[in-house]
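Dear colleague,

My findings follow directly after it.

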Amino acid sequence: MIKIKNILHLLIILLLFIITGCTINNNNKEYKNGQDPSNNINAEYQITCGIGLNEKSAAYKSLVKFKEIVENKSNGKITVDNYHSAELGDDREMMESLQQGYLEMTVPSSAPIVPFVTDFSVFDMPFLFPDYETVDYILDGPIGQELLNKLSDVGLKGLVYWENGYRNLTNNIRPVNGPEDVKDIKIRTMENAIHLTTWREMGARPTPMVFSELYSAMQQKVVDAQENPFSTIYLQKYYEVQKYLTDTRHVYTPFVLMMSQEYWDQLPNNYKKIIMEAAMETRSYNRQLSRKMDAEYLELLKDEMEVTILNSLQRKRFKEAVKPVYDEYYNENSINSEILRDVQDKINSI
Ligand code: KDG
């Protein structure tokens, strides 16, 4: 009698499961559409990764390459499923998902990392990196690695730096040739104190906002301006809702390829080696692709927007206008200004 009752109980639960179509849980994870994407039954490990940029971005193309390398080198024992366009949340949400074990990998900008590891704020300093040579020298050197190591203290395993790129200003109010032209312009920034301070110093009115809300905010004129690399401006179609573009190149933002530390720790060493090899291979692939696309998309944007290319004197005036941001950074007790001093010393030594 007990046996029949148990079987009936099981059948009811199974029926409820089928009727409700409730989300498939796999390793404590919930997928947005209720489907478990790891359709490879041989997989021992399944990595799900989310980013904010769309499928045409260098970041997503680099994730596809990462997937290819990892699945080939592990003979399908590790599978990678990639999501784009903030389908799994914005940068902060995805990093929190890594910490909580609901997601294995993400690639945020360095700016949203700052609330987790303050020292990443060094990358938000305006006009810090004069060129790609200094970017690669710092990111791939001891200072860059020291920052990646700090992520482990907050449950995140920093692998390598990919590239978001040099950020440029777009707006709907007027052509911008100097800092005085951004006065009173409502500009969206990433959720980051230094970005806010930088634009306030120039007389603009900055508003922090997650990436996924930016297009509609400009469309509805909630903000007049934003700043992002040329590739993002083109691929997110910001030219549809923005009239003027200036190549300010005011900040270089890296992406950080990172995993859940908890997930990383339980991987066998041979699989950790495969993942690190894929991260290193895609690092150079990503930066080469990012730099190629940025140059190409600037040319395409010239057909869509009124573009101002600053001369050295104009760019110098922007640098002068944001100098107080450095004074504030060095005087701000809560920030480890030693890292900034190290970075500046190393850049000056090149
Ligand atoms: O995943 C995309 C985000 O990293 C986002 O930060 C991109 O530069 C960006 C922005 O302006 O928010």
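In this predicted model, an oxygen atom of the ligand is 2.8 Å from an N or O atom in the side chain of R167, which makes a polar contact (a pair of N or O atoms within 3.5 Å). An oxygen atom of the ligand also lies 2.8 Å from a polar side-chain atom of N164, and for N228 the corresponding distance to a ligand oxygen is 2.9 Å. The protein covers 98% of the 320 Å² of accessible area that the ligand has on its own (Shrake-Rupley method, 1.4 Å probe).

Around the ligand are G52, L53, D91, S109, N164, R167, R188, M190, F211, N228 and F255. This shell divides into four nonpolar, four polar and three charged residues, with Gly counted as polar.

Elsewhere, the structure holds 19 salt bridges (a side-chain nitrogen of Lys or Arg within 4 Å of a carboxyl oxygen of Asp or Glu). One joins K150 and D119 at 3.0 Å, N to O. Because K150 lies in helix α5 (residues 142-150) and D119 in the loop between β5 (105-106) and α4 (132-139), the pair ties together parts that are 31 residues apart in sequence. Helices (H or I, at least four residues) and strands (E, at least two) are DSSP runs, numbered from the N terminus.

Residues are numbered from 1 along each chain as its sequence is written, and side-chain values use heavy atoms, leaving out hydrogens and water. Local features need pLDDT of at least 70 and side-chain atom pairs count only at pLDDT 80 or more, whereas totals for chains, interfaces and linings use all residues.

Technical notes. Near = heavy atom within 4 Å. Polar contact = N/O pair within 3.5 Å; in protein donor to acceptor, adjacent residues only side chain to side chain.
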